Amino acid sequence: MRANELAAIEARLAAATGDRWRPGSDPDGVPVVYVGFPDGREDVLRITRERVPASIGDIDFIGHARRDLERLIGAVRGVADLADAELDQIEARLAGASPAPWRVFLEADGGIGGSNVISVSDGDDEPDLYIWRDGKLASDGDFEFVAAARQDIPDLIAEVRRPRGNG
């Protein structure tokens, strides 16, 4: 993986809200992603496919994406080791998510219908993915991070699993 590709992944990671994400459930039992901040505060991201909650697989993937990317980047940079079992867990979350590619369309760039959205399919029969924070659409950075993570994580896994010394 080229240095500029890794730097682009790190930039998207830095632009995402908070400094840690984790999947969970709200008090009503609806799956959500909790976003943590350095001051200890947590916000809730609601992930929907149109107007209904996204699948558990998508929410689990998104909730772990930040930590998974941090660990994978560390392994690619040679500053952290990932056991095969941890890589297997990341791959299982990836397999549970909607298939790639996920493509982001931002309102600032024209969006789709004037809204930030992540398209998870080329077909019209697959509902788009939305990220909500405090009843409003989440930041452009969150949308870009989530959409790209669906492609970045398998690329980083392949890099980590690639035998060293083979170019």
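Reader: What share of the contacts in the protein chain with a separation of 6 or more comes from residues 24 or more positions apart?

Author: This is a predicted model, in which local features need pLDDT of at least 70 and side-chain atom pairs count only at pLDDT 80 or more, while totals for chains, interfaces and linings use all residues. Residues are numbered from 1 along each chain as its sequence is written, and side-chain values use heavy atoms, leaving out hydrogens and water. With contact meaning heavy atoms within 4.5 Å, the share from residues 24 or more positions apart is 58%.

Reader: Which residues touch the most other members of the largest nonpolar core?

Author: A nonpolar core is a set of buried (under 20% relative accessible area, 1.4 Å probe, protein chains only) Ala, Val, Leu, Ile, Met, Phe, Trp, Tyr and Cys residues joined through side-chain atoms within 4.5 Å. Of the 41 residues in the largest such core, those touching the most other members are Trp102 and Ile153. Among the elements that each supply at least two residues of this core are α2 (56-77) and α4 (140-161), helices being DSSP runs of H or I of at least four residues, numbered from the N terminus. Not counting residues up to four places away in sequence, Ile153 touches Phe61, Ala65, Asp68, Leu69, Leu72, Ile90 and Leu94; the two residues asked for are Trp102 and Ile153.

Reader: On which residue is the kink in α2 centred?

Author: The bend at a residue is the angle between axes fitted to the seven residues ending there and the seven starting there. In α2, which is followed by Gly78 with a positive phi near 80°, the kink is about 50° and is centred on Ala65.

Terms used:
Buried means under 20% relative accessible area, exposed over 50%, partly exposed in between (1.4 Å probe, protein chains only).
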